[in-house]
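Look over the sequence and the model below before reading on. The notes that follow are grouped by topic.

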Amino acid sequence: FGAVVFIATAELASAFRRMPLPEEVSCQLSGEWRIGLFETPCKAPLSFCYGFWCIPCMAGQQRGQILDIIGEPYICCAGL
């Protein structure tokens with residue numbers, strides 16, 4: 001569902017490089033989404049509607065996918 005494109009600024013891109021991620025994960029991340037923010041309603045309408053109408057569900061699913069990608073376990077409230 002990564003439907004929104006985010007083009008990282010130089011500062012944000014350097015912050016991404018400092019994230020404690022395994023090398024095999026960090027080398028695959030570009031800091032950009034597959035589809036642009038304003039293109040999403042037309043190019044990925046199902047993802048757009050899911051994110052618009054079911055915000056908590058989309059956020060939870062996205063968090064699970066990110067944890068799978070980086071190989072981290074789920075921790076309630078992100079450990080706060």
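Predicted model: local features only at pLDDT ≥ 70, side-chain atom pairs only at ≥ 80, totals over all residues.

**Overall make-up**

- The protein has 5 helices and 0 strands.
- Along the sequence, the pattern reads α-α-α-α-α.
- The protein has 80 residues, of which 18% are buried.
- Take the contacts between residues at least 6 apart in sequence: 60% of them join residues at least 24 apart.

**Helix H5**

- Helix H5 covers residues 55-70, which is 16 residues.
- At 1.5 Å a residue, H5 should span 22 Å. The expected span is 1.5 Å times one less than the number of residues.
- After H5 comes Gly 71, which has a positive phi, near 75°.

**Thr 40**

- Thr 40 lies in helix H3, which runs over residues 40-43.
- Is Thr 40 buried or exposed? Its relative accessible area is 2%. Buried means under 20%, so Thr 40 counts as buried.
- The side chain of Thr 40 also reaches the backbone oxygen of Gly 36, at 2.8 Å.

Definitions and conventions: Residues numbered from 1 in each chain as written. Heavy atoms only, no water. Helix = DSSP H or I, 4+ residues; strand = E, 2+ residues; numbered from the N terminus. Buried < 20%, exposed > 50% of the residue type's maximum accessible area, 1.4 Å probe, protein only. Contact = heavy atoms within 4.5 Å. Polar contact = N/O pair within 3.5 Å; in protein donor to acceptor, adjacent residues only side chain to side chain.
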